[in-house]
Each structure stands twice: as C-alpha cells, then as structure tokens.
Amino acid sequence: MLKVVICGGSGYTGSELMRLLINHPGVLVTAITADRYVGKTVTELFPHLYDYTDYIFEPLQKEALLEKGDVFFTALPHAASQEVVDHFHRNGKMVIDLSADYRLKDPAVYSQWYGTTHHYPQTLANAVYGLPEIHRESIKGASLVANPGCYPTSVLLALYPALKHNLVDVDHIVIDSKSGVSGAGRKGEVALSFCEVNGGFSAYGVATHRHTPEIEQGLSLSAQKPVTVSFTPHLLPVNRGILSTVYATLDSAIDLEEVLSLYEHTYENDPFVIVMDKGKFPDIKNVKGTNFCQIGIAIDRKNTLIVVSVIDNLIKGASGQAIQNMNIMCGFDETVALKALSVLP
C-alpha cells in the first residue's frame, strides 16, 4: 500500500485529490497539510469528505513529513512549491506538483511570466511534463512530474494530432478558451464573488495569461518547431469546466473524415480522450466531475481546422490528471479511481 501525502489540502485541487483517492485501492492518504487550518479536521473545512473525519490538517514541516509518504502531491501556490518539491525530490520521494513551478523547462521563461526566480534549475531539469496522452513513456520512469495547467491540457490535446501529422500552419493558431470560476482557486476576491460573476461573461489576462508559454512549449514539442499562438481566456459564470475552441489554418485541403480518423487513431489507446462523431461537439456539463476530455472537429470554408475540446478544470485539468500520473508512475492501471462519469443535470 503506497503512502500518500497531500501538501496544500485546503484548496479545490487538494479537496478533489482527497475525494478521488478515497476510491483508490492501492494507496492510503497518511497526511494532509494546510498551514492556515492546522489543528482543524478536514471535515470542518470540507463537510462532504466524510471518510476524512479523523484527519487533521498538519503544518507543512518537510522533515517530519518525509517518513509519512512515498508519493507527495504538492497543491501549493506558484513559487511556494519550488523548495518543497526540491526537498522531497532530493530525498528520493515521488512528487507530482500541481503548481506551475516545474512546468516550464526554461527558468528564464518562468521568471518572465511568473515574476520570480527559479532557484532549483537542476530539479527543474529532472521534471517530466505530465500530460499522459503525449508523454506516457517518460512519466513511467519519472520520480518528479509537473502536472499540466488546465488551459494547456485542453489546448494540447486539441492540437496534438494535427501538429504531429503536420496538418496545420503553426504560424496561424488562435485559441479561445473559457473557464469556470474554480479555475481561479478557492479564495475570497470581490471579482470572483457570486454577484460579480453571475450573469456576466468576460475576457481576462488578454495577451498576458501565464499559461501562454506552457501552451507554446507543448505545441512546439508536438510540432517539432517553434510555435507562437494568440491565446485569450474568458471567465464563465459556472463553477467548473473548460471549453477551448482552437483555430488553425490547414496546410492543404483534407477531408473532415480523414482528420477525424487521424484523431481517433491517435487517441485510440487513451482511455480519457473521446473524439466525437462528425457534426457533434462537446459540452462542459458532460465532463463535469470526470477525467475525460471530449473533442469535436470541423473544417470551415476558409480551410480552417476548428477543434473544440472540453475538460473539467479541477479533474483532468488538475487533480484527476495528477492521480492519472501517479498511476502511471507507480504501475497501477491508468484509470484506477478515475472511472467516474458525469452527473446530470
């Protein structure tokens, strides 16, 4: 039985890790940290997590935690993960980091977009980017995985087959994404309050969103050449879900049926990616609470490939994907604890 420690258990990603891991027969959660809530029980903060009634939030004391876990999930704010991840990694522990601290391979790019220096370049060099559908083989032998961001997950899965097979012009890619409010985290801000969000729909981080370099890094790797994109995120007045619509100019004329067949073949062995039939497009409600990504495809009159992808930002975009990575790293079936379907309405 693997012992699992969750560092940063008071946010949405931490709570979803707990909720999902309770159904994993191969692991036992042995410690959960949350510095703001030390001494409180998990159910005081999250009454719905009934099976964690006897768990008490601990301080993040790195040395004391070492003996409590084999696998460490770090669900901490950006920059706060750097030292913690480095410490557990150097001490031989498996780490899945849900922050952005180990996603960008170039420390200078990280510094530019996150406004802080990366102090552990050697540990950064050891990190594997944890998008299983693209990097599964590297994840299998990894001890440190950087869990992808939610927007990048939706976009990279949408474009990977097209870039891998050189279908599109990499100089003309436009990404229009929408996210539920939980994507901003579990914090009290006026701009994220019910009255401010309900009934509204707005763009934010226009031309400046921090997921941009992560998207470009992943697309460049798939295309095997530099890719620069136009990326605009929007805030949806819903709790969770991401819908990304990606536009890319096709390099040559190709039938939609051929593109669909290529996508289906690319993802035929990926249990959580569903390529929809011709004329069908996904809805965020159909992946709510699940680790699935649904993809719909069209080609317009201007020979533009249009790919629509949806995920749950807290599951496939965060905690579910983190557990998927753990399963791969530790030799479990990839789908363990992640087979749940969406609940309607």
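1. Strands S5 and S6 (residues 144-146) pair in the parallel sense, over two bridges. Here strands are DSSP E runs of at least two residues and helices are H or I runs of at least four, numbered from the N terminus; two strands count as paired if DSSP finds at least two bridges between them. Within this pairing, Val-128 stands opposite Val-145 in S6.

2. A word on the ground rules. This is a predicted model, in which local features need pLDDT of at least 70 and side-chain atom pairs count only at pLDDT 80 or more, while totals for chains, interfaces and linings use all residues. Residues are numbered from 1 along each chain as its sequence is written, and side-chain values use heavy atoms, with hydrogens and water left out.

3. Back to the sheet: it is open, has six strands in the order S2-S1-S3-S4-S6-S5, and its pairing is parallel. At the edges are S2 (27-33) and S5 (128-129), each of which pairs on one side only.

4. The UniProt record, an unreviewed entry, gives residues 3-142 as "domain: Semialdehyde dehydrogenase NAD-binding". UniProt positions follow the numbering used here, feature names are shortened, and annotations may be inferred rather than shown by experiment. Over residues 3-142 the chain is 37% helix and 16% strand, with its end C-alpha atoms 18 Å apart.

5. Now the packing. Buried means under 20% relative accessible area, exposed over 50%, and partly exposed in between, with a 1.4 Å probe and protein chains only.

6. Which residues of H11 are buried? They are Leu-256, Val-259, Leu-260, Leu-262, Tyr-263 and Thr-266. Seen down the axis of H11, these buried residues fall within an arc of 160° (taken from the directions from the helix axis to the C-beta atoms), so they line one face of the helix. Their cover includes H8, S11, S12 and S13. Contact here means heavy atoms within 4.5 Å. Leaving out residues up to four places away in sequence, Ile-297 touches several residues, including Leu-256, Val-259, Leu-260 and Tyr-263.

7. Gln-324 lies in H12 (residues 315-330) and is buried, with a relative accessible area of 0%. Its side chain makes a polar contact of 3.0 Å with that of Asn-291; such a contact is a pair of N or O atoms within 3.5 Å, where within protein one must be able to donate a hydrogen and the other to accept it, and residues adjacent in sequence count only if both atoms are side-chain atoms. Asn-325, also placed in H12, is buried at 0% relative accessibility. Beyond four places in sequence, Asn-325 touches Gly-130, Pro-132, Ile-139, Val-145 and Asn-147.

8. Finally, the unreviewed UniProt entry lists Cys-150 under "active site". Cys-150 lies in H8 and is buried, with a relative accessible area of 11%. Setting aside neighbours within four places in sequence, Cys-150 is in contact with His-211, Ile-242, Ile-311, Asn-313 and Gly-317.
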